[in-house]
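Q: I have a new structure open and would like a quick tour. Can we go through it piece by piece?

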Amino acid sequence: MTVSILTARNATLTDLHALLEAQHAAKLDVVVPARDLTVAGGNVIVAGAGEAVVTPDGVSPGRVSLRPTSHADANLAAKLDIPIKYLRRLREQHIGLYDHSVNTLLGEDPDYRFLVRALVDGATDQGVGRAFLSSSYRVTDNLDVLVTVLAGIRDAGVSVEITRCDLSETRMYVIVSCRPSPPTHRACWPTTPRRSPGREARTTPSFMPGSSSRTLRPGTGGPRSPRG
């Protein structure tokens, strides 16, 4: 399982949808207690997940091996109260100490329940650990969000253009631009002036090209009567 299934930049809508379909087919979302998580060689082993193993001695529970992303490492650091810079340094320079530190702190609260989100190759039971969250976290898939939004746009009858699609380890970006509607032409018809109750009707002043005459509002302008 490689990073190519996790991210995309400047993708078309078709490419993004195909990538999300591939993620959906490989996704593993499982709630497990901390006692079922162990770390070896920087990978998190999840007991009880994956395909069960059938042997002459019986059936053994499955297990998957996950390589945490940078975001998933940050989740572990937050849950176990480890400074993230320190944990990342251990991963890069002291992988044995990384394993020991995480395993020791997982053992302090073995009943704590994690929601593990991963993408797994079913043929090898190996994959990528996307997140280690609280079991109360509500799962929302990018594929469901994309399909719902596109259906809403279609039902609204709005003409749009998808100008850009990006996918990171933690975010999906889809830029939707509305296409301009063609101008509409409406005929303008003269209207009868409205008369308010108890008030005189007023006529809007109008000026005709080539003429000096004008219509005046009653009671305004015009020659004054000579005083007697």
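Q: Where does aspartate 125 lie?
A: Aspartate 125 lies in the loop between β8 and β9 (126-134). Strands here are DSSP runs of E, at least two residues, and helices are runs of H or I, at least four, numbered from the N terminus.

Q: Before I go on, what kind of model is this?
A: This is a predicted model, where local features need pLDDT of at least 70, side-chain atom pairs count only at pLDDT 80 or more, and totals for chains, interfaces and linings use all residues. Residues are numbered from 1 along each chain as its sequence is written, and side-chain values use heavy atoms, with hydrogens and water left out.

Q: Back to aspartate 125. Buried or exposed?
A: Aspartate 125 is buried, with a relative accessible area of 17%. Buried means under 20% relative accessible area, exposed over 50%, and partly exposed in between (1.4 Å probe, protein chains only).

Q: What about the phi of aspartate 125?
A: Phi is near 60 degrees in aspartate 125, a positive value in a residue other than glycine. Most residues other than glycine have a negative phi.

Q: How do α2 and α3 pack?
A: Helix α2 (residues 70-80) and helix α3 (residues 84-93) pack at about 125 degrees, with axes 9 Å apart. Axes are lines fitted to C-alpha atoms, for helices over the stretch in contact, and angles run from 0 to 180 degrees between N-to-C directions. So α2 and α3 are oblique to each other. Under 35 degrees counts as roughly parallel, over 145 as roughly antiparallel, 65 to 115 as roughly perpendicular, and the rest as oblique.

Q: Which residues make that contact?
A: From α2, Ser70, Asp73, Ala74 and Ala77; from α3, Ile84, Leu87, Arg88 and Arg91. Contact means heavy atoms within 4.5 Å.

Q: And how do α2 and α4 pack?
A: α2 and helix α4 (residues 95-106) pack at about 45 degrees, with axes 10 Å apart. That makes α2 oblique to α4. The residues in contact are Asp73, Leu76 and Leu80 of α2 with Tyr98, Val102, Leu105 and Leu106 of α4.

Q: Let's look at arginine 91. What is it in contact with?
A: Setting aside neighbours within four places in sequence, arginine 91 is in contact with Gly42, Arg67, Pro68, Asp73 and Tyr98. Arginine 91 is in helix α3. At 18% relative accessibility, arginine 91 counts as buried.

Q: New topic: where is valine 120?
A: Valine 120 is in strand β8 (residues 113-121). At 13% relative accessibility, valine 120 counts as buried.

Q: Last one. Is alanine 25 buried or exposed?
A: Alanine 25 counts as exposed, at 70% relative accessibility. Alanine 25 is in helix α1 (residues 13-26). Its C-alpha atom and that of glycine 122, 97 residues apart along the chain, are separated by 9.8 Å.
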